[in-house]
Amino acid sequence: MSVPQDWIPPKAGVQESRPSREHVVAGLKATDEGDPELVQLLTPEGERVSDPRFDSYATDLDVDALRSLYRDLVLVRRFDREGNALQRQGQLGIWVPLLGQEAAQIGAGRAMAPQDMAFPSYREHGVAWTRGIDPTELLGIFRGTDHGSWDPKASRFHLYTIVIGNQVLNATGYAMGQKFEGKVGEGPDSEATICFFGDGATSQGDVHEGFVWAAVYDAPVVFYCQNNQWAISEPTERQSRVPLYKRATGYGFPGIRVDGNDVLACLAVTRWALEECRSGNGPVLIEAFTYRMDAHTTSDDPSRYRLADELELWKLKDPIERVRVNLVREHHVGQEFFDEVQAESDELAARFREFCENMPQPAPDRMFSQVYAEPSPVLEAQRAAYLEYHASFEGV
Amino acid sequence: MAQTTLAKALNNGLRAAMERDPKVIVMGEDVGKLGGVYRVTDGLQKDFGEQRVLDTPLAESGIIGTAIGLAIRGFRPVCEIQFDGFVFPGFDQIVSQLAKLHYRSQGKVAVPVVVRIPFGGGIGAVEHHSESPESYFAHAAGLKVVACSNPADAYWMIQQAIASDDPVIFFEPKRRYWEKGEVDPDAEPQPLFASRVVRPGSTLTVATYGPMLKTCLAAASAAETEGHDIEVIDLRTLSPLDLDPVVESVRRTGRLVVVSEAPSESSITSEIAARVQQEAFYSLEAPVLRVTGFDTPYPPSKCEEDYLPDLDRVLDAVDRSLAW
């Protein structure tokens, strides 16, 4: 340990503004070899492999289940790409791409039981898909007509949370409620909560506090961290000195790292974690080790902070391609199936686009609507005054 | 009728709300066995159990953030923040989530959370224990903000705040916790979001809330000996502001003094001054005057007698208004 008099201020200009090649490659090596603990059931080459810890959570994942997961992955990627295109064409103010994170989201989402509750951040389009939310419901947020139009109670998928990490505490509180209501334990109506956030969020106090609360109240909540390696331009190393999943130990609950580009592994691990919670053993931290293949948002320019090599390497781990290869090689699924899914995804994209382009402009008093559950006389007066003012332009 | 302290009135109100609705839970630091640092939750954990009176870890964002989740689940959490100056770690959850979820979901999600905050100075405390942060919350759309000033209001207002489907920031005047007043549990309570004329008068109007009500009533009594008939209004609700009774009063008296412990700049008192001059401009015989804390951080406690509005400063403003 250094003592204060040993400390010499760094020379100006020595600090690098972007990671060195060695830095990146070192990170990729860790990625490539995987942590010894990394859970994987489907290799990047599409080979089904065994993990004795989690095989029992994947026994039903036959060829039909794989086809279904493949369909999810392709459709979600397709409308995500359409969202990006719509932003580029001026139809959306912004889009938050999920490219590369399809498996992490579909795996987790498909592991949920209908009675489970999800708290997303703002990139969870794939999880929304698994909760039966039509992709068009996501558009209002990015076009600016609403802040999320789906019913969080009916879909059991909370609204997107933009402030980083806030939802981790909200999810923990919800899970405490599940426990207080006696919905934890053996039985068909037992419930759990799953909360989604990114690697950057782990630096937020709310995430730390959520971990503390969940641990001391044994809340049935799965903390699902999609480590996509970058918090806008800041690498994971800027957030933590230790692998993120290892942080759970300090709070007193299990942490596990899963290959976030392996939909089977994400599904199996999340099933296990949700069962832990439902039976009363929660919480659990899952680190889905994945990669954001696109920008943070359409306002971001990743070419300023990351290297092309990195992107190329992760392309080899594509979450969809490995399922396709497995379906072909191990289950002899023919081209016809893939063509069908492709056609379906094109139809979805067309419907998505048409819906977006035809979304009506909100009425002028939309902004006053539902600020309070009970009427506020001051706000009602403002609304009335503004509508009167607005009406004065009619016919002008 | 028995005299009850304001703290005990709150305790009785919380108890009544918890007995009425099993979804009401109390949560915060030290609210269980200790009964809260001001004993407002005294005995509740013993009677309602650890699941309805939660001694939480020490983190305000955690208290508010988990209360929001519990409310989404269908509970009605009442959070205790120990002191005014400690609410700021939870401020993000209050303004980013608590205030906006109903709007964001277009009414599909209600978050009926009450955040209780003992506020104000005058108790000789160290830094961060004597602040009046109410204007921050009144500025946030989606929140309702109230302040009680006496035991009867404390008893009813806490129950009404818990019953409200909107999030309510509930300010309690900590230096009045031990002052007694009559509480009639069989009375018909006044609506929560309404101000009240506490002392009718015809010469000048004083509008105030929370700990300053007592000070203003004392000032009105003192002014009476000099022949001034002062009307005193307890605002009770800071957002939405029930300003009509103030405007109506100013139309009769022609003069308004607004009193608050909070700093004056961009505050509740600024809001009242602006709106009253807008709505009662031709009735005013003098500008709206304000008696407030100063635009400084809350000072060391040996200076607080200078900082806090007192009887003399209120009377001085009354004299200046009358002399206009």
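Is R275(B) buried or exposed? At 18% relative accessibility, R275(B) counts as buried, where buried means under 20% relative accessible area, exposed over 50%, and partly exposed in between (1.4 Å probe, protein chains only).

1. Basis of the note. This is a predicted model, in which local features need pLDDT of at least 70, side-chain atom pairs count only at pLDDT 80 or more, and totals for chains, interfaces and linings use all residues. Residues are numbered from 1 along each chain as its sequence is written, chains are lettered from A and ligands numbered from 1 in the order in which they are written, and side-chain values use heavy atoms, with hydrogens and water left out.

2. Surroundings of R275(B). This residue lies in helix α10 (residues 268-279) of chain B; helices are DSSP runs (H or I, at least four residues), as are strands (E, at least two), numbered from the N terminus. Leaving aside residues up to four places away in sequence, R275(B) touches V378(A), L241(B) and L243(B), contact meaning heavy atoms within 4.5 Å. R275(B) also forms a salt bridge with E271(B) (2.9 Å, N to O), that is, a side-chain nitrogen of Lys or Arg within 4 Å of a carboxyl oxygen of Asp or Glu. Both residues lie in helix α10 of chain B, 4 residues apart, about one turn of the helix. E271(B) is partly exposed, at 35% relative accessibility.

3. A salt bridge between chains. E374(A) pairs with K144(B), the closest N and O atoms being 3.6 Å apart. The pair crosses from the loop between α13 and α14 of chain A to strand β6 (residues 144-147) of chain B. K144(B) is buried, with a relative accessible area of 1%, whereas E374(A) is partly exposed at 23%.

4. A salt bridge within chain A. D346(A) and R78(A) form a salt bridge, with 3.2 Å between the closest N and O atoms. D346(A) lies in helix α13 (residues 335-357) and R78(A) in helix α2 (residues 63-88) of chain A, so the pair ties together parts that are 268 residues apart in sequence. D346(A) is partly exposed at 35% relative accessibility, and R78(A) is partly exposed at 24%. Over all chains, the whole structure holds 46 salt bridges.

5. Domains of chain A. An automatic or database domain assignment divides chain A into domain 1 (21-358) and domain 2 (366-395). Their centres, taken over C-alpha atoms, are 40 Å apart.
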